[in-house]
Amino acid sequence: MEQETLTTEEIAQMMDGRAASYKFFSDALLHEFTVEQIGQLKSLAADEGVSEEVAAAISSIRRYLAHAGSDPRTDLACDYARIFLSAGVNDGITAEPYESVFTSEEHLLMQDARDDALRIYRANGVDVDASLRMPEDHLGLELEFMSVMATRTAQVLRASELDRDELARLARVQTGFLKVHILNWVNQLAAKVDEFAKLPLYPAMMRIIIAYASDDAILMEELAGSAVSQAA
(Lines give C-alpha, C1' and ligand atoms only; values in the text may rest on other atoms or scores of the structure.)
Protein backbone atom coordinates (compact mmCIF):
# COMPACT_ATOMS: atom_id res chain seq x y z
CA MET A 1 0.00 0.00 0.00
CA GLU A 2 1.34 3.41 -0.89
CA GLN A 3 0.34 5.46 2.13
CA GLU A 4 1.88 8.66 0.72
CA THR A 5 -0.83 8.77 -1.93
CA LEU A 6 -3.65 8.56 0.64
CA THR A 7 -4.97 11.12 3.09
CA THR A 8 -5.18 10.27 6.78
CA GLU A 9 -8.98 10.08 6.48
CA GLU A 10 -8.72 7.69 3.53
CA ILE A 11 -6.48 5.39 5.58
CA ALA A 12 -8.94 5.66 8.48
CA GLN A 13 -11.72 4.59 6.12
CA MET A 14 -9.61 1.59 5.12
CA MET A 15 -9.37 0.71 8.81
CA ASP A 16 -13.17 1.00 9.09
CA GLY A 17 -13.45 -1.47 6.23
CA ARG A 18 -11.00 -3.83 7.92
CA ALA A 19 -12.98 -3.65 11.16
CA ALA A 20 -16.22 -4.51 9.35
CA SER A 21 -14.62 -7.37 7.41
CA TYR A 22 -13.05 -8.95 10.47
CA LYS A 23 -16.32 -8.57 12.41
CA PHE A 24 -18.20 -10.37 9.63
CA PHE A 25 -15.63 -13.18 9.55
CA SER A 26 -15.73 -13.41 13.34
CA ASP A 27 -19.51 -13.65 13.46
CA ALA A 28 -19.46 -16.29 10.73
CA LEU A 29 -17.31 -18.55 12.90
CA LEU A 30 -18.75 -17.77 16.34
CA HIS A 31 -22.41 -18.19 15.41
CA GLU A 32 -24.65 -19.79 12.83
CA PHE A 33 -25.55 -17.50 9.94
CA THR A 34 -28.64 -15.36 10.38
CA VAL A 35 -31.15 -14.73 7.62
CA GLU A 36 -29.77 -11.19 7.30
CA GLN A 37 -26.19 -12.44 6.90
CA ILE A 38 -27.25 -14.95 4.28
CA GLY A 39 -28.89 -12.09 2.41
CA GLN A 40 -25.60 -10.18 2.54
CA LEU A 41 -23.75 -13.18 1.18
CA LYS A 42 -26.12 -13.40 -1.77
CA SER A 43 -24.91 -9.98 -2.92
CA LEU A 44 -21.23 -10.67 -2.22
CA ALA A 45 -19.07 -9.47 -5.10
CA ALA A 46 -15.39 -9.81 -5.92
CA ASP A 47 -13.55 -6.50 -5.84
CA GLU A 48 -11.34 -5.60 -8.76
CA GLY A 49 -7.88 -7.10 -8.39
CA VAL A 50 -8.76 -9.97 -6.04
CA SER A 51 -6.98 -13.25 -6.59
CA GLU A 52 -8.48 -15.99 -8.73
CA GLU A 53 -8.89 -18.13 -5.61
CA VAL A 54 -10.94 -15.48 -3.80
CA ALA A 55 -13.03 -14.80 -6.92
CA ALA A 56 -13.71 -18.53 -7.22
CA ALA A 57 -14.65 -18.74 -3.52
CA ILE A 58 -17.09 -15.85 -3.85
CA SER A 59 -18.60 -17.43 -6.97
CA SER A 60 -18.97 -20.71 -5.07
CA ILE A 61 -20.89 -18.99 -2.26
CA ARG A 62 -23.19 -17.11 -4.61
CA ARG A 63 -23.80 -20.18 -6.76
CA TYR A 64 -24.70 -22.29 -3.74
CA LEU A 65 -27.10 -19.67 -2.32
CA ALA A 66 -28.72 -19.11 -5.72
CA HIS A 67 -29.64 -22.80 -5.85
CA ALA A 68 -30.10 -23.51 -2.15
CA GLY A 69 -33.31 -25.12 -0.94
CA SER A 70 -36.20 -23.38 0.74
CA ASP A 71 -34.42 -23.15 4.11
CA PRO A 72 -30.70 -22.42 3.62
CA ARG A 73 -30.40 -21.12 7.18
CA THR A 74 -31.23 -24.54 8.64
CA ASP A 75 -29.02 -26.32 6.10
CA LEU A 76 -26.10 -24.06 6.96
CA ALA A 77 -26.76 -24.43 10.70
CA CYS A 78 -26.46 -28.20 10.32
CA ASP A 79 -23.21 -27.81 8.41
CA TYR A 80 -21.91 -25.37 11.03
CA ALA A 81 -22.61 -27.90 13.78
CA ARG A 82 -20.96 -30.72 11.86
CA ILE A 83 -17.85 -28.66 11.03
CA PHE A 84 -17.20 -26.45 14.04
CA LEU A 85 -19.03 -28.25 16.87
CA SER A 86 -18.06 -31.78 15.77
CA ALA A 87 -21.69 -32.91 15.71
CA GLY A 88 -21.67 -36.58 14.74
CA VAL A 89 -17.85 -36.74 14.63
CA ASN A 90 -16.25 -39.14 17.08
CA ASP A 91 -12.61 -39.68 16.12
CA GLY A 92 -9.45 -37.77 15.30
CA ILE A 93 -8.72 -34.05 14.98
CA THR A 94 -11.88 -32.25 14.00
CA ALA A 95 -12.46 -28.76 12.62
CA GLU A 96 -13.19 -27.19 16.00
CA PRO A 97 -11.59 -23.77 15.41
CA TYR A 98 -9.21 -23.50 18.36
CA GLU A 99 -5.59 -22.59 17.73
CA SER A 100 -4.31 -24.82 20.54
CA VAL A 101 -5.83 -27.90 18.94
CA PHE A 102 -3.85 -27.31 15.77
CA THR A 103 -0.59 -26.03 17.25
CA SER A 104 -0.05 -28.05 20.45
CA GLU A 105 1.85 -31.31 20.36
CA GLU A 106 -1.05 -33.35 21.72
CA HIS A 107 -3.77 -31.36 19.90
CA LEU A 108 -5.45 -30.27 23.13
CA LEU A 109 -7.54 -27.27 24.11
CA MET A 110 -6.29 -24.52 26.43
CA GLN A 111 -2.60 -24.78 25.60
CA ASP A 112 0.15 -22.18 25.05
CA ALA A 113 -1.59 -20.57 22.07
CA ARG A 114 -4.65 -19.78 24.18
CA ASP A 115 -2.52 -18.36 26.99
CA ASP A 116 -0.57 -16.11 24.64
CA ALA A 117 -3.68 -14.92 22.80
CA LEU A 118 -5.29 -14.03 26.13
CA ARG A 119 -2.11 -12.20 27.20
CA ILE A 120 -2.24 -10.09 24.04
CA TYR A 121 -5.95 -9.33 24.49
CA ARG A 122 -5.34 -8.16 28.06
CA ALA A 123 -2.23 -6.16 27.15
CA ASN A 124 -4.40 -4.23 24.70
CA GLY A 125 -7.38 -3.83 27.01
CA VAL A 126 -9.64 -6.18 25.06
CA ASP A 127 -12.11 -8.30 27.03
CA VAL A 128 -13.61 -11.52 25.71
CA ASP A 129 -17.35 -11.93 26.21
CA ALA A 130 -17.49 -14.37 29.13
CA SER A 131 -20.98 -15.50 28.12
CA LEU A 132 -19.48 -17.24 25.08
CA ARG A 133 -17.84 -19.78 27.43
CA MET A 134 -15.09 -20.83 25.04
CA PRO A 135 -11.28 -20.81 25.02
CA GLU A 136 -9.89 -17.48 23.92
CA ASP A 137 -7.96 -18.91 20.96
CA HIS A 138 -11.14 -19.66 18.99
CA LEU A 139 -10.53 -18.26 15.51
CA GLY A 140 -13.72 -16.23 15.76
CA LEU A 141 -12.39 -14.47 18.87
CA GLU A 142 -9.01 -13.90 17.25
CA LEU A 143 -10.73 -12.29 14.27
CA GLU A 144 -12.87 -10.19 16.61
CA PHE A 145 -9.69 -8.94 18.27
CA MET A 146 -8.46 -7.84 14.84
CA SER A 147 -11.75 -5.98 14.31
CA VAL A 148 -11.39 -4.14 17.62
CA MET A 149 -7.80 -3.20 16.86
CA ALA A 150 -8.74 -1.95 13.39
CA THR A 151 -11.38 0.31 14.95
CA ARG A 152 -8.81 1.67 17.40
CA THR A 153 -6.43 2.33 14.54
CA ALA A 154 -9.12 4.37 12.79
CA GLN A 155 -9.71 6.33 15.99
CA VAL A 156 -6.01 7.20 16.30
CA LEU A 157 -5.98 8.36 12.68
CA ARG A 158 -8.98 10.63 13.31
CA ALA A 159 -7.67 12.14 16.54
CA SER A 160 -7.16 15.92 16.56
CA GLU A 161 -3.42 15.26 16.88
CA LEU A 162 -2.06 12.15 15.20
CA ASP A 163 0.00 9.98 17.56
CA ARG A 164 2.34 8.24 15.13
CA ASP A 165 4.01 6.19 17.86
CA GLU A 166 0.63 4.73 18.87
CA LEU A 167 -0.30 4.21 15.23
CA ALA A 168 2.91 2.26 14.68
CA ARG A 169 2.34 0.24 17.86
CA LEU A 170 -1.20 -0.72 16.85
CA ALA A 171 -0.02 -1.72 13.38
CA ARG A 172 2.79 -3.85 14.86
CA VAL A 173 0.40 -5.58 17.25
CA GLN A 174 -1.96 -6.44 14.40
CA THR A 175 0.84 -7.61 12.10
CA GLY A 176 2.31 -9.80 14.82
CA PHE A 177 -1.04 -11.23 15.84
CA LEU A 178 -1.90 -12.14 12.27
CA LYS A 179 1.41 -13.93 11.78
CA VAL A 180 1.67 -15.64 15.18
CA HIS A 181 -1.98 -16.41 15.97
CA ILE A 182 -3.92 -16.64 12.71
CA LEU A 183 -1.83 -17.32 9.63
CA ASN A 184 0.27 -19.90 11.49
CA TRP A 185 -2.60 -22.43 11.67
CA VAL A 186 -5.60 -21.30 9.65
CA ASN A 187 -4.60 -23.34 6.58
CA GLN A 188 -4.70 -26.50 8.69
CA LEU A 189 -8.16 -25.57 9.92
CA ALA A 190 -9.31 -24.89 6.36
CA ALA A 191 -8.20 -28.39 5.33
CA LYS A 192 -10.35 -29.85 8.11
CA VAL A 193 -13.30 -27.67 7.12
CA ASP A 194 -12.97 -29.09 3.60
CA GLU A 195 -12.99 -32.59 5.08
CA PHE A 196 -16.12 -32.21 7.22
CA ALA A 197 -18.26 -29.76 5.25
CA LYS A 198 -21.18 -31.06 3.21
CA LEU A 199 -21.97 -27.68 1.67
CA PRO A 200 -19.55 -25.38 -0.20
CA LEU A 201 -20.12 -22.21 1.81
CA TYR A 202 -17.83 -22.69 4.81
CA PRO A 203 -14.86 -24.02 2.79
CA ALA A 204 -15.21 -20.99 0.51
CA MET A 205 -15.44 -18.66 3.51
CA MET A 206 -12.21 -20.11 4.91
CA ARG A 207 -10.40 -19.44 1.62
CA ILE A 208 -11.58 -15.83 1.70
CA ILE A 209 -10.47 -15.39 5.33
CA ILE A 210 -7.01 -16.80 4.57
CA ALA A 211 -6.51 -14.56 1.55
CA TYR A 212 -7.79 -11.49 3.39
CA ALA A 213 -5.58 -12.07 6.44
CA SER A 214 -2.53 -12.74 4.27
CA ASP A 215 -2.96 -9.48 2.37
CA ASP A 216 -3.78 -7.62 5.56
CA ALA A 217 -0.54 -8.69 7.25
CA ILE A 218 1.36 -7.01 4.41
CA LEU A 219 -0.84 -3.91 4.63
CA MET A 220 -0.33 -3.50 8.37
CA GLU A 221 3.41 -4.09 8.13
CA GLU A 222 3.60 -1.28 5.59
CA LEU A 223 1.48 0.97 7.79
CA ALA A 224 3.76 0.34 10.78
CA GLY A 225 6.84 1.15 8.70
CA SER A 226 5.26 4.29 7.28
CA ALA A 227 4.21 5.55 10.72
CA VAL A 228 7.69 4.99 12.13
CA SER A 229 9.49 6.70 9.23
CA GLN A 230 7.21 9.74 9.38
CA ALA A 231 7.58 9.98 13.16
CA ALA A 232 11.38 9.94 12.93
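Arg133 lies in the loop between helix H6 (112–123) and H7, where helices (H or I, at least four residues) are DSSP runs numbered from the N terminus, as are strands (E, at least two). The model is predicted, so local features need pLDDT of at least 70 and side-chain atom pairs count only at pLDDT 80 or more, whereas totals for chains, interfaces and linings use all residues. Residues are numbered from 1 along each chain as its sequence is written, and side-chain values use heavy atoms, with hydrogens and water left out.

Phi of Arg133 is near 50 degrees, a positive value in a residue other than glycine. Most residues other than glycine have a negative phi. Arg133 counts as exposed because its relative accessibility is 77%; the classes are buried (under 20% relative accessible area), exposed (over 50%) and partly exposed (in between), with a 1.4 Å probe and protein chains only. Ser86 also has a positive phi, of about 60 degrees, although it is not a glycine. Ser86 is located in the loop between H4 and helix H5 (99–103). With a relative accessibility of 11%, Ser86 counts as buried.

Salt bridges were examined next. A salt bridge is a side-chain nitrogen of Lys or Arg within 4 Å of a carboxyl oxygen of Asp or Glu. Side chains of opposite charge can pair when their charged atoms come close. Over the whole structure, 11 salt bridges are found. One of them joins the side chains of Arg158 and Glu9, at 3.0 Å from N to O. This pair links distant parts of the chain, with Arg158 in helix H7 (residues 139–158) and Glu9 in helix H1 (residues 8–30), 149 residues apart. Arg158 counts as partly exposed at 39% relative accessibility, and Glu9 counts as partly exposed at 35%. Glu9 and Arg158 also belong, with Asp16, to a network of salt bridges.

Other salt bridges lie within a single helix. Asp27 and Lys23 are both in helix H1, four residues apart, which is about one turn of the helix. An α-helix has 3.6 residues a turn, so residues three or four places apart point the same way. The side chains of Asp27 and Lys23 meet at 2.8 Å from N to O. Asp27 counts as buried at 18% relative accessibility, while Lys23 counts as partly exposed at 34%. In helix H4 (residues 72–84), Arg82 and Asp79 are three residues apart, again about one turn. The closest N and O atoms of the salt bridge between Arg82 and Asp79 are 2.7 Å apart. Arg82 counts as partly exposed at 24% relative accessibility, whereas Asp79 counts as buried at 0%.

The largest nonpolar core has 72 residues, and those with the most contacts inside it are Phe33, Leu139, Leu201, Tyr202 and Met206. Such a core is a set of buried Ala, Val, Leu, Ile, Met, Phe, Trp, Tyr and Cys residues joined through side-chain atoms within 4.5 Å. Helix H10 (residues 201–231) gives the most to this core, with 16 residues. Phe33 touches, among others, Phe24, Ile38, Leu41, Leu201 and Tyr202, when residues up to four places away in sequence are not counted; contact means heavy atoms within 4.5 Å.

Helix H2 (residues 35–42) contains the buried residues Gln37, Ile38 and Leu41. Seen down the axis of H2, its buried residues fall within an arc of 100 degrees, so they line one face of the helix. The arc is that of the directions from the helix axis to the C-beta atoms. The exposed residues Val35 and Glu36 are carried on the face of H2 turned away from its buried side.

The largest pocket has a volume of about 700 Å³. The elements that give two or more residues to its lining are H1, H2, helix H3 (52–66) and H10. The lining has 23 residues, of which Ser21, Phe25, Asp47, Ile208 and Tyr212 lie nearest the centre of the pocket. On a 1 Å grid over the protein atoms alone, a pocket is an open set of points where a 1.4 Å probe fits, with protein on both sides within 12 Å along at least five of seven lines, and lining residues have an atom within 4 Å of a point. Grid points are joined across faces, edges and corners, and a volume is the space filled by probe spheres set on the points.
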